[in-house]
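I opened the model to look up a few items and wrote down what I found. The entries follow in the order I made them.

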Amino acid sequence: MAFQKAVKGTALIGGGAIATVFGLSQFSQYRNKHGTFVRVQAAEAVTVPIKNDFPTREQQILALQTTSEFDVLVIGGGATGCGCALDAVTRGLKTALLERDDFSSGTSSRSTKLIHGGVRYLQKAIMKLDFEQYKMVKEALEERANLLEIAPHLSAPLPIMLPVYKWWQMPYYWFGIKLYDIVAGSQCLKSSYVLSKSRALELFPMLRKDELVGAIVYYDGMLPFWALCWALKGGKHKCATVASCMANFQLSIKLDLHSNNQICLIRKDCKLRKGQEFDVKAKCVINATGPFTDSVRKMDDQEVPNICQPSAGVHIVMPGYYSPDNMGLLDPATSDGRVIFFLPWEKMTIAGTTDSPTDVTSHPIPTEEDINFILNEVRNYLSVDVEVRRGDVLAAWSGIRPLVTDPNSKDTQSISRNHVVTISDSGLVTIAGGKWTTYRAMAQDTIDAAIQAHDLKAGSSKTVGLQLQGAEEWSPTLYIRLVQDYGLESEVAQHLASTYGDKAFEVAKIAQVTGKRWPIVGKRLVSEFPYIEAEVVYGVKEYARTAVDMISRRTRLAFLNVQAAEEALPRIVDIMAKELNWSEQKKKEEFEAAKKFLYYEMGYKVKSDQLADSSEISLMPSDIERYKKRFHMFDKDKKGFITILDVQRVLESISVQIAENTLHDILNEVDLNKNGQVELNEFLQLMSAIQKGHVSGSRLAVLMKTAEENLRQRVVISVDRSGGGL
């Protein structure tokens, strides 16, 4: 009863403020109605001819070389760059897009996977009476609704729980979340609601029970952002000329006496076509390079001041049992004052993000300090029954937020969470800042500015309500047709449908027959994930050109489990080599580059360092003796180390067979000095690290324990010990 009174009292107290916010939100109602009208007519309004098949990458490069002049040239193939290209081409502008690496390879693929308005920003808007922050939240909520509509196969609403541990916080948080609903207006996904303690624990049983008062649940959206980036780039209305892996470019300005200034992109030493160079001419160049905004601006004008304020955000991935399948968690007040999300993603749990100053780099690396910070914050909210282990971090990555200062603002020291569009004296258009959720609005503002600055002949934006690739014929039951028509596993079919939409049938058509009763087609790359070999072939068709592209974005293995990604890597390289005619030397280079990527950028190094850093063995004497006995069951000759032959001998005695190359990988995980054998001290270090939670899922530890238990069961009990008789 007291709980209900507190909530009702807050409702009365906050009623006036809510009404005020509701009144402010009416400024966008006309826009909403207009947007609905546009959604109905968006597809029909696009006059660009439809291309059903992807041109090859070679055809795209040729088009870049032979086209005399583009209207718009976009630099950067992330969310904003792809959004700009789509917006431009649907207005009838001749458009090209260049990406130095793979599409969405930078910040766009390293986000929290949420499409949201920003609860935290709304709080600041209300507390500081900041109308600009309010407009930013309002715009993001409108874009959230649009994104859920145009990419239903990729996106879905996600309930997020905000646990409350103090009575006075309940009305405070309830008020803020209700404001969030009200600002969204008719585009509110689902109304937020209050939960009692018992109901909160029922829905999120991993929560810390002590002092829990209750919880509030609200809704935002979630989606895999790389897949969306491709859907933007390859939508059915897209006619832009696109090319990835186009590193090392320079900008120059040339004056055409018969027209306006032209901005030209000069290619030098293309990463995949060494030694070639050519000019790509355009009436307008758009800089959509995220954290590299200032680098491109300085290609245009070396004296221009920096506007990008890079900030590193680290995320970690943990096993799915850390969170419910369909309920996220929001930590609104971490020890450093930043919000942290704890979300179910791809049957795993993603947690993040940190916020710290950083230098701009193409290869950001997660640090052990940031990983432990997130783990400590997670521990604060989970039950003591759930041991949050460092060894359960399956992958970790760092992304760089391109926060900006507005060069036109009087207060140049203030960092903008909104986006900024600037135009240089030479005509270079730069779009910077913002976030994934608002990519479409950012693109619209950018192309509007480009049209005005360069007097381009084009109409208004047509991307509101324009369905992206894969959405047109998608339905929630599409995966059933994949199962029935092609004999795919249900989990694999669901993955294909939710990633490729109605294009999933194209992947299914090239899936190999397994030779099994079931599934009929679709060989998995690794057993525990639904990614199949046919996706590698299809990824090459979609311009994937490196093994890193495939393990991190065309599939999401690197972001989900670095060890699983490493396991799949040899087969991925073999398939790509066949499709792209790689030499043995090229295969070796790709394999090593992908392993380096996993080791440094996806957290493999900080994961493996947990064992190497545990040089101090902290085991009880009884545990040491127990583990020594287990070790000597394999080391029969008392050499002080075990090899593959020792393990094979024990496995044969219990009728277990494991391939020699697999055994090599199992021992190599523990072989710290890489001498081809595991010493007793290394084994004890492993068991000590496991006890401390620094290492989990060690195949060698589980294998040796299982073998020991099997051998014990096979010991014959003598008649005397059995008590004699029958």
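Before looking at strands, I noted the terms: two strands pair if DSSP finds at least two bridges between them. Helices (H or I, at least four residues) and strands (E, at least two) are DSSP runs, numbered from the N terminus.

I am working from a predicted model, where local features need pLDDT of at least 70, side-chain atom pairs count only at pLDDT 80 or more, and totals for chains, interfaces and linings use all residues. Residues are numbered from 1 along each chain as its sequence is written, and side-chain values use heavy atoms, with hydrogens and water left out.

**Entry: strand β12**

I looked up the partners of β12 (residues 328-331). Strand β13 (residues 340-345) pairs with β12 in the antiparallel sense over three bridges, and Asp 331 stands opposite Ile 340 there. Strand β4 (residues 156-164) pairs with β12 in the parallel sense over two bridges; in that pairing I found Met 161 opposite Leu 329.

Which way do the residues of β12 point? Gly 328 and Leu 330 point one way, Leu 329 and Asp 331 the other, and all are buried. Buried means under 20% relative accessible area, exposed over 50%, and partly exposed in between (1.4 Å probe, protein chains only).

**Entry: strand β10**

I then checked β10 (residues 279-287). Strand β1 (residues 70-75) pairs with β10 in the parallel sense over five bridges, with Ile 75 opposite Asn 287. Strand β18 (residues 429-433) also pairs with β10 in the parallel sense, over two bridges. Asn 287 stands opposite Thr 430 in β18.

**Entry: helix α6**

I computed the length of α6 (residues 131-150). Its 20 residues reach 29 Å from the first C-alpha to the last, close to the 28 Å expected at 1.5 Å a residue. The expected span is 1.5 Å times one less than the number of residues. Because 16 of the 20 residues are buried, α6 is largely enclosed by the rest of the structure.

**Entry: Asp 181**

Is Asp 181 buried or exposed? Asp 181 is buried, with a relative accessible area of 10%. I placed Asp 181 in helix α7 (residues 169-184). Leaving out residues up to four places away in sequence, Asp 181 touches Cys 188, Lys 190, Ser 191 and Ser 192. Contact here means heavy atoms within 4.5 Å.

**Entry: helix α16**

I found seven of the nine residues of α16 (residues 533-541) buried, and noted the helix as mostly covered. Among the buried ones are Val 536, Tyr 538 and Val 540. The buried residues pack against α14 (490-500), α15 (504-509), α17 (547-554) and α19 (562-580). Just after α16, Tyr 543 takes a positive phi of about 80 degrees.

**Entry: whole protein**

I counted 26 helices and 20 strands in the protein. Of its 726 residues, 56% count as buried. Of the contacts with a separation of 6 or more, 72% are between residues 24 or more positions apart. The protein exposes about 32,100 Å², and carbon and sulfur atoms supply 52% of that; the areas come from the Shrake-Rupley method with a 1.4 Å probe, and for residues only the protein chains shown count as cover.
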